[in-house]
Amino acid sequence: MNKPQSWEARAEEFSLYGFTDMPSVHERGTVVVTHGEGPYVVDTNGRRYLDANSGLWNMVAGFDHKGMIEAAKTQYERFPGYHAFFGRMSDQTVMLSEKLVEVSPFTSGKVFYTNSGSEANDTMVKMLWFLHAAEGKPQKRKILTRWNAYHGVTAVSASMTGKPYNSVFGLPMEGFIHLTCPHYWRFGEEGETEEQFVARLARELEETIQREGADTIAGFFAEPVQGAGGVIPPAKGYFQAMLPILKKYDIPMISDEVITGFGRTGNTWGAETYDFTPDAIISSKNLTAGFFPMGAVILGPELSARVSAAVEAIEEFPHGFTASGHPVGCAIALKAIDVVMNEGLAQNVRDLAPRFEAGLQRLAQKPNIGEYRGVGFMWALEAVKDKATKTPFDGKLSVSERIANTCTDLGLICRPLGQSVVLAPPFILTESQMDEMFEKLETALDKVFAEVA
Ligand SMILES: Cc1ncc(COP(=O)(O)O)c(C=O)c1O
């Protein structure tokens, strides 16, 4: 076999890429990364990039946290792998479940492990189907989510995701219903107040339940802040308007905290930041600070009791992954929770969030920035052709991709999402690193807007 020579050529020859604009890769080449230093990653050419995306939102403690590495090494030496089937599980798994319930918003609960956020959402859906069938309602199967939601890529979680790109797979599957995205700036109607917008969305929820029949709806899933939809915090009072309706019709509310969990919004949970209590939480990403692939379903007291009763009746929950509750993953998660909550990382998010917002507010004065939005350490700037009418740029101009590519050239990684640029740096970011992020971003914005505006 004649192997191509460069890292870039070898990557393209043998790897398939996920969620990647291939013309851009062909033109610019792949950034092949070898290691990281704090919030920076370094490529095969020795170039350093400030990763203002924390990898994929998950490397919240940075790329070389010694304590995390030590926890992984110690557990690999102690017991490098096991499962959680057939009445066996590792001591680390037992300890992590205890810890997750302790730090959850629930007074009691139960935890089920997966390898990813997608699988955790998939597992939750199966758990609801299993539960409702065991309670004599096998037809209670439809899932409510929102447009612009991102819940993952397995066939079920992609069906929950509210993005048009899933049509290339013939998804969503039947029975997945997408409600209006709670983004007031973009979807509020002419003359409609934020309060009226929220009331309209609550009405839509109730009318949907009445039209479909409450006995056909298994659950409602929502990210407290829509992440991969472009960092969209809910309109004011959104969850307070939606939750009582779900409760009235006995529809469990699942908070997908894959991004918002463990500090990203400044609190342990996004549900805490937006002041609501869900029936279950989906966790992943930050759960292990990105040091191990792991997801978790955390059930609150009511669902724990109902799912346990269903399991007792059938004598088994016939579901699980080989690596569910992997001892190394659990040991890493225990350490990650400790690092985020007790080593000042969540505190740093709270401390620097005002500075973050001030920086964005300043950039949002530019004529081609329509809105800045976010919370804690997850923010977006949305580019517009016309600020007054909120008219987007022609999609063919790929404005956000151009901004992100220019940032990459300057040594800053940020993510283009729709017409927005997303910033979600590791929680260890210092003030001077934040300044560096804004300087590079501003240079890129000015360059690209001069080209396209
Ligand atoms: C809110 C949310 N849920 C689920 C997922 C899917 O997680 P994974 O990529 O680990 O399957 C993601 C991934 O970005 C996410 O942001």
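Here is a short chat about a predicted model, covering its aromatic rings, one tyrosine and a pair of helices.

Me: Hi! What should I know before we start?
Reply: This is a predicted model, where local features need pLDDT of at least 70 and side-chain atom pairs count only at pLDDT 80 or more, while totals for chains, interfaces and linings use all residues. Residues are numbered from 1 along each chain as its sequence is written, and side-chain values use heavy atoms, with hydrogens and water left out.

Me: What sort of pair do Phe85 and Phe86 form?
Reply: An edge-to-face one, with 5.5 Å from centre to centre and 90 degrees between the planes.

Me: And what about Phe262 and Trp269?
Reply: That pair is tilted, at 4.8 Å centre to centre and 55 degrees between the planes.

Me: Is Phe262 buried or exposed?
Reply: Phe262 is buried, because its relative accessible area is 2%. The cut-offs are under 20% for buried, over 50% for exposed, and partly exposed in between (1.4 Å probe, protein chains only). Trp269 is buried too, at 1%, whereas Phe86 is exposed at 66%.

Me: Which residues form an aromatic cluster?
Reply: Phe356, Tyr372, Phe377, Trp379, Phe427 and Phe438 form one.

Me: New topic: where does Tyr184 lie?
Reply: Tyr184 is in helix α8, residues 184–187. Helices here are DSSP runs (H or I, at least four residues), numbered from the N terminus. Tyr184 is partly exposed, with a relative accessible area of 27%.

Me: What does Tyr184 touch?
Reply: Leaving out residues up to four places away in sequence, Tyr184 touches Glu192, Thr193, Glu194, Phe197 and Ala235. A contact means heavy atoms within 4.5 Å.

Me: Last one: at what angle do helix α9 and helix α10 pack?
Reply: About 20 degrees, with the axes of α9 (residues 194–212) and α10 (residues 238–248) 9 Å apart. Axes are lines fitted to C-alpha atoms, for helices over the stretch in contact, and angles run from 0 to 180 degrees between N-to-C directions. So α9 is roughly parallel to α10, a label for angles under 35 degrees.

Me: Which residues make that contact?
Reply: Among them are Val198, Leu201 and Leu205 of α9, and Tyr238, Ala241 and Ile245 of α10.

Definitions and conventions. Helices (H or I, at least four residues) and strands (E, at least two) are DSSP runs, numbered from the N terminus. Rings of Phe, Tyr and Trp (its six-membered ring) pair if their centres lie within 6.5 Å; planes under 30 degrees apart count as stacked, over 60 as edge-to-face and the rest as tilted. Angles under 35 degrees count as roughly parallel, over 145 as roughly antiparallel, 65 to 115 as roughly perpendicular and the rest as oblique.
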